[in-house]
Amino acid sequence: MMKILIVGGNGTIGSKVRDHLSKKHEVITAGRNSGDVNVDMRDGRSVKAMLEKTGKVDALVCTAGEAKWADFDAMTEEDFYIGIKSKLMGQVNLVSVGKEYMNPGGSFTLSTGILADHPVLMTTSAAMVNGAIHSFVKAVCLELKNQIRINVVSSGLVEDAVDHYQDYFPGHNPIPMKKVVNGFVKSIEGAGSGEIIRIYDNC
């Protein structure tokens with residue numbers, strides 16, 4: 001049984017991952033305003049405070065992070081910083097600080113999405129951030145010590161978010177939540193590192 005910390009564990013994807021992993025592992029959830037512990041992953045000091053409370057873990061999973069969706073012509077510099085500080089640097093913070101609280105042989109699993117490879121309208125910022133995370137994972141896996149692994153799960157439009165996002169993704173087949181969850185299981189319970197676990201359909 002592993003001790004697994006899920007940042008964003010009460011969200012659309014995080015809650016499904018949490019429910020599945022809880023069947024055989026000890027799961028701790030974290031969020032800005034909900035969860036067993038609170039964290040603002042944009043702030044490395046907040047990440048450290050969270051991990052001081054949880055203690056060492058065997059896996060740290062992130063299903064959180066935001067980025068601005070808007071027409072490129074309407075985007076300001078500050079709009080781009082939303083995604084850079086939250087989804088990108090937030091996940092980098094989890095790894096940079098979290099590696100000191102990871103048991104040997106443990107793993108990080110980050111989250112991105114299909115926009116890294118197949119962007120749609122109004123997603124310049126989100127696509128940029130997702131692509132940066134993919135590059136980060138492929139590079140940092142070469143330097144993590146103590147057999148610590150890192151992967152990223154990149155999913156298409158998930159079934160549970162279709163009602164909210166389907167108009168942005170014309171012609172995209174929704175991804176069953178079971179497939180998305182299995183992407184996280186592959187990262188956490190498998191042996192791979194530096195992988196971008198893509199879960200796409202018809203792209």
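Asparagine 146 is found in the loop that connects helix H4 (124-140) with E6. This placement is read from a predicted model. The phi angle of asparagine 146 is near 60°, a positive value in a residue other than glycine. With a relative accessible area of 48%, asparagine 146 is partly exposed. Glutamine 147 also belongs to the loop between H4 and E6, and its phi is positive, about 60°, although glutamine 147 is not a glycine. Glutamine 147 has a relative accessibility of 65% and therefore counts as exposed, since the cut-off for that class is over 50%.

Seven strands make up an open sheet, ordered E3-E2-E1-E4-E5-E6-E7, and their pairing is parallel. Strands of a sheet pair through backbone hydrogen bonds, in either a parallel or an antiparallel manner. Strand E1 (residues 3-7) runs parallel to E4 and is joined to it by four bridges. Within this pairing, isoleucine 4 stands opposite alanine 59 in E4.

Helices pack on this sheet. Helix H2 (residues 44-54) touches E1, strand E2 (26-31), E3 and E4, and its direction makes about 150° with that of E1. Helix H6 lies across E1, E4, strand E5 (102-111), strand E6 (149-155) and E7, and runs at about 150° to E5.

In one of them, the ring centres of tryptophan 69 and tyrosine 168 are 5.1 Å apart and the planes stand at 80°, so the pair is edge-to-face. Tryptophan 69 lies in the loop between strand E4 (57-62) and helix H3 (77-98), whereas tyrosine 168 lies in the loop between helix H5 (162-165) and helix H6 (177-189); the pair therefore ties together parts that are 99 residues apart in sequence. Tryptophan 69 counts as partly exposed, at 26% relative accessibility, and tyrosine 168 counts as partly exposed at 32%.

Phenylalanine 72 and phenylalanine 80 form another edge-to-face pair, with 6.4 Å from centre to centre and 75° between the planes. Phenylalanine 72 counts as exposed because its relative accessibility is 53%, while phenylalanine 80, at 16%, counts as buried. Finally, ring pairs link Trp69, Tyr165, Tyr168 and Phe169 into a cluster.

Key
Residues are numbered from 1 along each chain as its sequence is written. This is a predicted model: local features need pLDDT of at least 70, side-chain atom pairs count only at pLDDT 80 or more; totals for chains, interfaces and linings use all residues. Side-chain values use heavy atoms; hydrogens and water are left out. Rings of Phe, Tyr and Trp (its six-membered ring) pair if their centres lie within 6.5 Å; planes under 30 degrees apart count as stacked, over 60 as edge-to-face and the rest as tilted. Helices (H or I, at least four residues) and strands (E, at least two) are DSSP runs, numbered from the N terminus. Buried means under 20% relative accessible area, exposed over 50%, partly exposed in between (1.4 Å probe, protein chains only). Two strands pair if DSSP finds at least two bridges between them. Contact means heavy atoms within 4.5 Å. Axes are lines fitted to C-alpha atoms, for helices over the stretch in contact, and angles run from 0 to 180 degrees between N-to-C directions.
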